[in-house]
Structures are given as structure tokens and as C-alpha cells.
Amino acid sequence: MIRIAAVGDVHLGEDARGRLRPALEQLGDRADVLLLAGDLTRHGTVSEARVVADEFGGLPVPVVAVLGNHDHHDDKPDEVTAVLRDAGITVLEGETATIGVDGRTLGVAGVKGFGGGFAGKCGSAFGEPEMKAFIRHTTDIADSLRIALDSLDTDVKVALTHYSPVPDTLRGEPPEIYPFLGSYLLGEAIDATETHLAVHGHAHFGNEQGMTPGGVRVRNVAQPVIRSAYTVYCVEPAVVEV
Amino acid sequence: MTAEQYLAARLRQALAEDPRTTELGVRVTVRGDHVLLSGDVASPERRAEMEAVIHDVAPELTVLDDVKVVPSEAPVGREELR
Ligand SMILES: [Fe+2]
Ligand SMILES: [Fe+2]
């Protein structure tokens with residue numbers, strides 16, 4: 001059994017330093033990996049990234065993260081990424097991480113994701129350049145997620161994003177803002193690649209459980225949704241293997 | 001939209017864009033002279049910061065603050081996916 005701990009939207013800053021650490025100290029007994037689903041900072045500053053690095057660095061399990069929109073706010077995603085990597089945190093944007101657990105392998109493909117909306121209620125790359133740029137950002141990210149997931153040859157495959165691949169996990173958010181919360185293109189990439197689980201954040205008022213059109217489990221792990229320092233999902237490779 | 005809805009939209013925008021808060025995860029409801037804030041934030045200090053931003057934009061409003069600090073304890077139990 002592979003035990004996947006996950007949390008998103010911790011929105012750390014100097015004022016919240018150390019709040020999660022006590023709960024994380026026992027993580028080695030409860031999980032094999034910790035996934036961070038973006039919005040790790042408030043403003044995306046380098047000093048906030050250092051708080052995140054101190055909070056999640058040096059844990060007994062590998063830590064794999066994607067950035068969220070807040071982590072881009074100060075226009076320094078590369079610097080934020082570098083600070084996290086220096087602390088031993090793996091930061092993915094179109095890349096993959098593979099972790100061995102008791103002779104089995106867990107593969108994680110991660111992207112930030114973006115908005116655009118869900119099938120039948122979404123924007124398209126048409127009209128003004130601003131609209132085309134918006135949708136193309138989503139399309140590019142969904143393509144890189146699909147390529148990354150496709151490249152994994154592991155016993156269990158997990159997609160890690162900040163934005164949501166499905167509307168199911170957004171219930172509780174106003175429907176009018178769904179196009180800013182995720183894109184069906186992420187879900188399509190997940191469904192095309194024999195992925196076992198999709199984990200995301202971003203929707204603070206959403207709910208935890210959902211499913212892609214292809215039947216893949218989706219979990220919204222935004223901290224205000226899971227209401228704890230992290231949550232744990234157990235996946236049995238023998239059961240999920242085709 | 002009513003004047004209250006426009007005011008709520010302006011307050012929501014201020015909470016999202018003011019560098020003191022950059023808070024998108026808080027609901028803002030205006031009723032008469034009162035503004036209700038609800039949702040979760042990562043530290044107790046952030047409630048005071050939000051109240052300060054609201055006061056700058058609409059000093060005439062009384063703030064009702066239902067915002068909670070998000071729980072950060074280890075989870076009870078786990079979910080088995082099969
Ligand atoms: Fe967030
Ligand atoms: Fe977000």
C-alpha cells in the first residue's frame with residue numbers, strides 16, 4: 001500500500017511560521033510521500049518561500065510540490081522554486097517525480113494548471129489577444145501534464161495540480177467563478193493516461209471528493225477544505241493495476 | 001446589482017488586491033451598516049489585517065468577523081482508495 005499525504009493552500013507567511021510543523025513531525029509513521037498542491041505562500045515572495053522551505057524541509061518523507069497562483073503573485077516563480085528546491089522539496093511544472101515504496105513505484109506528474117472552465121461552459125482561444133493568451137496558457141499546461149503523465153511507467157500514477165481538473169470538487173464555490181478555478185483540459189489529460197488519482201487545491205470553499213469523466217478519483221486538498229495539516233490517501237498498487 | 005452588492009464587490013476586490021491581505025478565500029456580505037466576513041485564514045493576525053483593509057475602504061461599516069483560523073492538526077484517520 002502506498003500512503004499519499006497531501007495539502008494545498010497553506011498560504012504561509014512570517015505570521016504563520018511553524019503552525020503546521022508539529023503535525024508534520026509524525027508524518028513518517030503515517031505516509032510515504034507528501035504532496036503540496038500550490039498556494040504555499042500569500043504573495044509569492046522569496047521571504048515567504050523561505051517560511052515554506054523551513055516548514056516542509058527536512059521531513060522524513062519526500063515532499064513534492066507545484067506552485068499556485070499566489071506563488072506567482074510577486075512574479076518570482078523561479079526564485080520561489082529555487083528556495084524550495086534548496087530545502088530538498090521537489091517542485092514540478094511539467095516534470096515528474098518517482099518514489100519507491102516497498103518495492104513498488106509511485107509516479108507524480110505536476111503542473112500549476114489554470115482556468116478556462118469545464119466542458120460546455122468554457123472559454124475558447126478566439127477573439128481578443130488577451131482571451132487567446134488566457135486559453136493558450138491552459139492548453140499549454142494541459143499538454144505538458146499529459147506528456148508528463150504519459151512518460152511515467154510506475155505502479156501508481158498521480159496528477160498533482162493547483163487548479164481543478166473537474167467541477168465536482170468546486171461545489172460550494174459560486175458557479176460563476178468556476179472558469180477561474182480549473183479546466184476540463186486537465187481532466188482530459190488525466191483520463192488519457194491511466195492515472196490513478198488527481199490531487200489539487202485552489203478552491204477554498206469547494207469540497208474534497210470528485211471524479212473525472214473517465215472515473216479517476218479527484219481530491220481537493222485545500223487546507224480550508226480538509227481542515228487539518230494534511231490528509232492521507234492509501235492506494236494499493238495490486239488492486240489498481242490493470 | 002444593488003448598491004450593497006457593488007460595495008461588497010469593491011470590498012472583496014480590496015481584500016484580494018491589497019498587499020496587506022491578498023485574501024481571495026474570504027466571503028464578504030454587506031447588509032445595511034454591517035459587513036460579514038467568513039471563511040478561513042492561516043493565522044490570527046490576518047483577521048485584524050482584513051478588518052483594517054475593510055475599514056479603509058468603508059469606514060462607515062461595522063465589521064462582523066466570522067473568519068476562522070484554519071485547523072492545522074494532524075488528520076484523524078485516512079482514506080483508502082480502491
Ligand atoms: Fe489558495
Ligand atoms: Fe489558488
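A:Val101 is buried, with a relative accessible area of 6% (buried means under 20%, with a 1.4 Å probe and protein chains only). The model is predicted: local features need pLDDT of at least 70, side-chain atom pairs count only at pLDDT 80 or more, and totals for chains, interfaces and linings use all residues. Residues are numbered from 1 along each chain as its sequence is written, chains are lettered from A in the order in which they are written, and side-chain values use heavy atoms, without hydrogens or water.

A:Val101 belongs to strand β5 (residues 95-101) of chain A; strands are DSSP runs of E of at least two residues, and helices runs of H or I of at least four, numbered from the N terminus. Contacts of A:Val101 (heavy atoms within 4.5 Å) include A:Met1, A:Ile2 and A:Asp32, not counting residues up to four places away in sequence. A:Arg3 is 98 residues from A:Val101 in sequence, and the C-alpha atoms are 9.0 Å apart.

Beyond four places in sequence, A:Leu34 is in contact with residues including A:Ala5, A:Phe56 and A:Tyr230.

Note on methods. Buried means under 20% relative accessible area, exposed over 50%, partly exposed in between (1.4 Å probe, protein chains only).
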